[in-house]
Amino acid sequence: MPLSASGWSTPLSSSTTLSSPPSPNLDKVEASPFNNPRIQASQVVEYIASRASASSLVYVYDVAEQVGFGTLTKEWAKAGEPGTAPVVDLQTRAGAGLSLIGRLSQGTSHEAGRGAVLTSYTTPSGLALMAPAFVHLPPATATSRLVVQVPTVTPTGEALSLSSTLSPLASVWSLFPENVAVLLSSTPQQAVDFTKIAYSVTDTHVVHLFDHFSAAREFGHAIREPKSNATTLEGALKESGYSYFDYTGDAEAHTVVVLLNGPLAVAARAIAKTNGLSGVGVVTVNVLRPWDEAALKAVVPSTAQVLHVVDEVPNSLTQGPLYVDVFSTLLTGGSKPAVQGHRVVPSQTQEYLNTETSFRSFIARISNASSLTVLPQDHRAVLVLGTPGSSVASVPRVIEDFFLAHSKVSSRLLTDFDVFSKQGGIFSSRIAISPKTDDAIPIPIPVAIPLDDDNGRTDLLVILDQNLLKTHSVLKYAKPDSSVLVNTSWTVEEFSANIAGEGSNIIKDRDLRVFTIDAKQIADTLAGASGPENDAVQNLALHLAFIRLYLGGQASESNLLRVAGNGFEDTIFGIPLIKINAHTWAGLSPVAPSEVVGSNSTLKTFDVNAIAVDVDDGDTVVNGARLSSWHDAAKHLLFPSAYVDPAAESAEEHPQNPALRPEVPDRTYLVTCTVNKRLTPDDYDRNVFHLEFDTSGTGLTYSIGEALGVHGWNDEEEVLDFIKSYGVDPSRLITIPIPGDETKVHTRTVLQALQQQIDLFGKPPKSFYTDLAEYATSAVDKYALLFIGSPEGSSTFKKLSEKDTVTFADVLRLYPSARPGIEKLCELVGDIKPRHYSIASAQSVVGDRVDLLVVSVDWVTPSGSPRYGQCTRYLAGLKVGQKVTVSLKPSVMKLPPNPKQPLIMAGLGTGAAPFRAFLQHLAFLAEQGEEVGPVYYYFGSRYQGAEYLYGEEIEAFILDGVITRAGLAFSRDGPKKVYIQHKMLEDSEALAKMLYDDEGVFYLCGPTWPVPDVYNALVNALVKYKGVDAVAAGDFLEGLKEEERYVLEVY
């Protein structure tokens, strides 16, 4: 199993001092995630949701990982942990749910065909964008369902403070169809139980919202393994001991508070129970959809006169959806209590959760009660503040471990981060301690130990970084007559000088008992220089100092040693525990309030705005971003989609845009068409055209002779015709895996995919027929496809492929019962391959431009159907200003290193393209005063008047002396056909000398048919003028190939 809490077994080791506290390691220890208080409920939720036995595929939306949920699932998948489902990253945007719905929709998805349970991780904000798509969900089945796990954390306000508010969903609850169940959990055990239920029920899709703001991230809960196996929602809830609604309080209450399950609901239940409020009850909504009116009426006491419905809404003008549900339910029936709505905006949610008196006052006001308390009297609160990544950042975990060892004590730890108010961040670790009882309501730690309450609620405050006393209002958290432990190297005088005036006043006004200890000095004395031993002694010294203050009057040096000895060995890294204890006892110094003067300075407050997850490789992931340093945390938080880790930054001036054709493995560029000019007459039967593309700002640079790969599109009209015949919606969103990386997909509409990416009008291989047969519902179609794909059907396949030139689309029309879902069809057909064209320009001359010379390819099949070359058709139709995705491909067509070497260029038709680039560059060199060798240029086409490609430029090159001799062969202009080999025979002596004596280079570019004749012309020239026989001449030419002096680029 991928969850392990092995790091907790050695809490003082160096590996545990990176941050506080770590997530389970991804090691090979086979440990159960259940009944282990050192594993958070959120981690167990991820574990259950990511099992391949539960989910076919897990979609992790960026917003979920930005609040610390989904990171572990991705790590498990990346590490290849057994039993982990495949994981896909998705970006959150409007219509975010359509891609998931598309994968489940019948008739358009391969996933639907084979059965799939898809899991998605998102947040309330992400769910709000996803919800409108739920109306398109197909019915849930045992093998085809959607489960959405929603950690209820939302950044709010200008400071991006994290909140548990559900306000982003207020306007979309009404959009949830009947086949989507909405479960809400608040306690760690309930979060895990409801996660199990989400995957056991088979008659509905499920959205599960759980309290990741506090409860599910707490350490200290031994989560029991859920046992529910019922397949209906009602049955699964009953089997797990839950119902649609929970009731807490007076059975004959006249005032009832109704809340969606979450931290506020738990706080309300705790207030009602702790204070034994007479006449007051609390209804908690566990299942919002489907809404069960009968179940609500059953739990509301018949004595109820007023129902106060608490709705979390984005603003006070938004109607609360829970109010509407409750009000409509109570319209009918016997008793009709008044229903009063309370619209709680995000700022109020923050106030209720983080200010101890605020929510109490709200409950007191609506219940006409006074002097309410949230916590029982025997509750103790500990707060540890420090800097993440410091050598003592593990202290909260060490303290938590101490309390977990006591069976009669309940100890819960929650760590939050503030990455804005101090460079490098601050962590606050809150530890709630109380006697362990079976019926205790686990009050949310933000309510039990609030951080926004200036009155102080902490029994013992630990400050691990002395500098926080200078910059932050940290002493306000200490309650009157409580203890404060400060880890500092300051002397008493320095302490007085550095502490702020506000802190000095708090110490005196609240009669705080402040103690200092220099853990680093103790460690340096006992363990030497910095290192794991030093870190361990620092953590242990602070732990011992904490225990001493926690025990208060019962503490003695011997008692402290005895208590510590229950949790640690007699020696730590060879240092006796008794020695560490003695130094700690002696090093703990009280600070008299009279010695504290304080200085004038403005102090900052701690604000929860980040959640951190530690992963196995020692890295820390904060708000979904893997940090190279905690100093980067604020950047990741402010710019989650734009900030790039320094290690991942590209050194390129124009780095690859990852959103530009992500399915293409090549480096791609987006260029702009500036010229599309036909070179042949309009009435000529062959369309040869010249293209120019602007490359400025793209970083595209190319060498002489390279080829440009064009990623062309299919004809839109033909694609739409096919889509119509296939019976699918062209605007439907589908997700397509990126080739070579199954963990990544990209989302497109059906039209975009079939027009821009899928080779729908390409030539199908033999295997396509066999693969397609699997989807044929007609026996005739099925056996026909299997026959064509078999060895016996080779002649039929050859006729279809070579004579009829059928396309993928043709085959699908020929066999209409074979209808794989669109996503599966995309996989079967595959992507359009880029077509490569020799670049017809030299960048040394044209600058930020690239030119192509292209001839349209078209033909007619034996049945009379017109056919077109996919890419040449696309290029021919380009409009000026249109963007085109291109890539580069190296070529054998290179100029020799010495420009004085003779060049022989032979091009037929569009084979003249690379030679135009050659000639442009040679002309450029000549203009620069550089000597260039002789150039013989041979060009062949049918008619000079129609196909003398770049004729004006060639004539200019001749006049300027760049071309020494031109052999122009226009085969249809005279009574006798003349080809380039005939022109070469006229220059046999010069060609032989160039190649044999002067290290000349011969190039041929164009169709393959003249290659033998050109070869023979050169052999004859060598035989006639160099005195070698035909065999030796042939061997000589073969040798030139090895020297890259006989270069062919034919097609």
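Visitor: Among contacts in the chain between residues at least 6 apart in sequence, what percentage join residues at least 24 apart?

Guide: Please keep in mind throughout that this is a predicted model. The contacts considered here are those between residues at least 6 apart in sequence, and the share of them that joins residues at least 24 apart is 75%.

Visitor: What percentage of the residues of the chain count as buried?

Guide: The chain contains 39 helices and 41 strands, and it exposes about 41900 Å², of which carbon and sulfur atoms supply 51%. Of its 1051 residues, the part that counts as buried is 58%.

Visitor: Does Ser42 count as buried or exposed?

Guide: Ser42 lies in helix H1, which covers residues 41–49. A residue is called buried under 20% relative accessible area, and because Ser42 has 4% relative accessibility, it counts as buried.

Visitor: Which residue has a side chain joined to that of Ser42 by a polar contact?

Guide: Leaving aside neighbours within four places in sequence, Ser42 is in contact with Phe69, Phe210, His212, Ala216 and Arg217. A polar contact of 2.6 Å links the side chain of Ser42 to that of His212.

Visitor: Which strands stand at the edges of the open sheet of 5 strands?

Guide: This open sheet has mixed pairing and the order S9-S11-S10-S13-S14. At its edges are two strands that each have a single partner strand, so one side of each is left without a neighbour in the sheet, and these are S9 (245–249) and S14 (338–344).

Visitor: Which helix lies across S10, S11, S13 and S14?

Guide: Helix H9 (residues 263–275) lies across S9, S10 (255–260), S11 and S13 (306–312), and runs at about 155 degrees to S11. The helix that lies across S10, S11, S13 and S14, running at about 150 degrees to S13, covers residues 321–329 and is H11.

Visitor: Why do the buried residues of H19 line one face of the helix?

Guide: In H19 (residues 519–527), the buried residues include Ala519, Ile522, Ala523 and Leu526. Seen down the axis of H19, its buried residues line one face because they fall within an arc of 95 degrees. An α-helix has 3.6 residues a turn, so residues three or four places apart point the same way. The value that places the buried residues of H19 on one face is therefore the arc of 95 degrees.

Visitor: Which residues are exposed on the other side of H19?

Guide: The buried residues of H19 have a cover that includes strands S19 (478–487), S20 (513–517) and S22 (575–576), together with helices H20 (532–551) and H22 (577–587). Just after H19, Gly528 takes a positive phi of about 80 degrees. On the other side of H19, the exposed residues are Gln521 and Thr525.

Visitor: Which residue in S36 is the bridge partner of Leu670?

Guide: Strand S36 (residues 883–889) pairs in the antiparallel sense with S27 (residues 669–678) over 4 bridges. S36 is also joined by 4 bridges to S29 (residues 707–710), again running antiparallel, and there Leu708 stands opposite Leu888. For Leu670, the bridge partner in S36 is Thr885.

Key: Residues are numbered from 1 along each chain as its sequence is written. This is a predicted model: local features need pLDDT of at least 70, side-chain atom pairs count only at pLDDT 80 or more; totals for chains, interfaces and linings use all residues. Side-chain values use heavy atoms; hydrogens and water are left out. Two strands pair if DSSP finds at least two bridges between them. Buried means under 20% relative accessible area, exposed over 50%, partly exposed in between (1.4 Å probe, protein chains only). The arc is that of the directions from the helix axis to the C-beta atoms. Contact means heavy atoms within 4.5 Å. Axes are lines fitted to C-alpha atoms, for helices over the stretch in contact, and angles run from 0 to 180 degrees between N-to-C directions. Accessible areas come from the Shrake-Rupley method with a 1.4 Å probe; for residues, only the protein chains shown count as cover. A polar contact is a pair of N or O atoms within 3.5 Å; within protein, one must be able to donate a hydrogen and the other to accept it, and residues adjacent in sequence count only if both atoms are side-chain atoms.
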